[in-house]
Amino acid sequence: VEQYLTRIDGHQHLNVFTEVYADEARQQATVVDQKIAAGTAGRLAGMVIGIKDVLSYAGHAVRAGSRILDNFTAQFTATAVQRLLDEDVIIIGRQNCDEFAMGSSNENSAFGPVRNAVDTDRVPGGSSGGSAVAVQAGLCLASIGSDTGGSVRQPAAFCGVVGLKPTYGRISRWGLIAYASSFDCIGPIANTAEDVALLLEIMAGADEFDSTVSSQPVPSYSTAQLPDRPLRIAYLRDGVESEGVDKSVREATQTSINILQKAGHTVEPVDLTLLKYLLPTYYILTTAEASSNLSRFDGVRYGYRSVATNTSALDLLSLYKKSRTEGFGAEVRRRILLGTFVLSASYYDAYYTKAQQVRRLIRQETERLFEQYDVLLSPTTPTPAFKLGEKTGQDSGADPLQMYLADIFTVQANVVGYPAISIPNGTDASRGDGPGLPIGLQFMAPPFAEEQL
Ligand code: GLN
């Protein structure tokens with residue numbers, strides 16, 4: 001704990017933690033020490049982790065990177081977090097993220113951007129940017145993030161660490177602040193697949209507080225072995241051929257494909273005919289769900305209330321409007337507006353219903369693919385980490401859709417609810433001006449095949 005606290009102190013410029021639980025972590029460590037001496041310590045005794053600022057931890061602030069949750073304290077602890085605590089994990093702090101987990105660069109946080117430790121002019125990815133950099137920079141051993149469209153895997157790729165999005169319903173969402181409920185998954189980030197497996201094993205499984213969580217038994221992921229037969233691996237042709245994918249990423253992906261082929265696996269290209277509908281489907285459905293989920297933040301029930309309520313906002317509607325306008329950042333407001341639009345009476349069928357239908361088609365196409373293959377391989381992201389400001393439009397006039405493209409390879413797993421992992425796949429060696437930027441490789445598997453991943 002002391003070592004991590006010192007490192008956290010020395011890396012303030014990365015803006016990873018929104019709150020450090022220094023004294024509490026020290027106390028936890030003392031208790032764990034006693035338990036170890038008594039032989040009663042849990043399986044995670046001594047493991048120091050951080051949690052993304054969307055996970056409730058009783059008695060601690062939880063802000064979802066937003067002003068609207070100013071002064072809000074969690075009343076209860078997320079099931080996933082509680083299960084880790086029950087195994088004597090030590091929580092060292094709360095990690096910065098994009099506001100309400102909406103973003104791909106961690107630039108949408110009320111606490112300011114997180115910086116990539118490899119190159120501090122570059123983004124760490126998002127929305128679990130703080131959680132990924134914390135592991136990358138050695139500020140804790142592992143992090144717990146959330147992944148609605150790539151928020152664990154994409155920052156893991158940008159930071160050169162391992163990130164897992166489990167099957168939808170594998171880990172209880174109780175205590176996770178909702179973004180898009182039919183997509184949201186809690187997922188671990190760590191340096192190794194083994195650590196990720198152990199954390200998954202402890203967090204997963206039935207929970208009476210989340211009706212969407214699966215009651216399927218939890219296998220021993222941490223002792224899983226690779227099957228000793230050749231695997232049937234599909235790879236997305238676009239991932240190694242598309243001009244839209246950075247050359248360094250295409251080459252790294254191709255190298256991995258070659259290695260897998262040499263190892264005796266069948267590795268074949270596939271095309272996803274519905275690829276171009278993934279992002280529109282994802283952004284229509286997630287903004288719809290978000291506009292509904294975020295309606296609870298009204299200036300009355302939680303956190304921030306506009307001070308104008310003392311002067312100009314004298315009726316209920318203007319209290320709502322002023323509090324929400326001041327409390328939510330630009331990207332969250334954009335998505336609430338988009339989501340409200342696609343759910344509005346005149347456009348519901350044209351957008352929302354249509355997107356639900358396309359979601360089903362994508363699921364069917366994905367199911368068919370996995371009748372023939374064990375896993376689907378692709379790059380995690382089309383490019384390595386980009387520069388701060390590059391896609392936010394502030395410096396370059398770029399439009400938000402540019403940012404959404406960063407999710408092209410990750411959203412499929414959430415649209416269909418399948419598990420997917422991002423592992424480090426070397427670095428972009430083409431930059432002469434410093435250490436190479438990390439590149440990620442993604443594997444997706446059928447539901448509840450995390451063991452295989
Ligand atoms: N970047 C995607 C979005 O902004 C994914 C976010 C996430 O997985 N929480 O919606």
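# Annotated residues and helix packing in a predicted model

Lys52 lies in strand β2 (residues 48–52); strands (E, at least two residues) and helices (H or I, at least four) are DSSP runs numbered from the N terminus. The structure is a predicted model, in which local features need pLDDT of at least 70, side-chain atom pairs count only at pLDDT 80 or more, and totals for chains, interfaces and linings use all residues. Residues are numbered from 1 along each chain as its sequence is written.

**The annotated site**

- An unreviewed UniProt entry lists Lys52, Ser127 and Ser151 under "active site"; such annotations may be inferred rather than shown by experiment, and the positions follow the numbering used here.
- These residues span 100 residues in sequence, yet no two of their C-alpha atoms are more than 10.9 Å apart, so they gather at one spot.
- Lys52 is buried, with 33 other C-beta atoms within 10 Å. A residue counts as buried if 20 or more other C-beta atoms, placed from the backbone, lie within 10 Å of its own.
- Leaving aside residues up to four places away in sequence, Lys52 touches several residues, including Gln95, Cys97, Ser128 and Ser146; contact requires C-beta atoms, placed from the backbone, to lie within 7 Å.
- Ser127 lies in the loop between β3 (90–95) and α4 (129–136), and Ser127 is also buried, with 35 other C-beta atoms within 10 Å.
- Among the residues that Ser127 touches, not counting those up to four places away in sequence, are Cys97, Asp98, Asn106 and Ser151.

**Helix α3**

- In helix α3 (residues 79–86), the residues Thr79, Ala80, Val81, Arg83 and Leu84 are buried.
- The cover over these buried residues includes β2, β4 (142–147), β6 (185–190) and α6 (193–203).
- Asp88 follows α3 and has a positive phi, near 70°.

**Helices α9 and α12**

- The axes of α9 (residues 275–293) and α12 (residues 348–372) come within 9 Å and cross at roughly 130°. Axes are lines fitted to C-alpha atoms, for helices over the stretch in contact, and angles run from 0 to 180 degrees between N-to-C directions.
- That angle makes α9 oblique to α12, a class left for angles that are not under 35 degrees (roughly parallel), over 145 (roughly antiparallel) or 65 to 115 (roughly perpendicular).
- The contact involves Tyr277, Leu278, Thr281, Ile284, Leu285 and Ala288 of α9, together with Tyr351, Tyr352, Ala355, Val358, Arg359 and Ile362 of α12.

Key: Contact = placed C-beta atoms within 7 Å. Buried ≥ 20, exposed ≤ 12 C-beta atoms within 10 Å, placed from the backbone.
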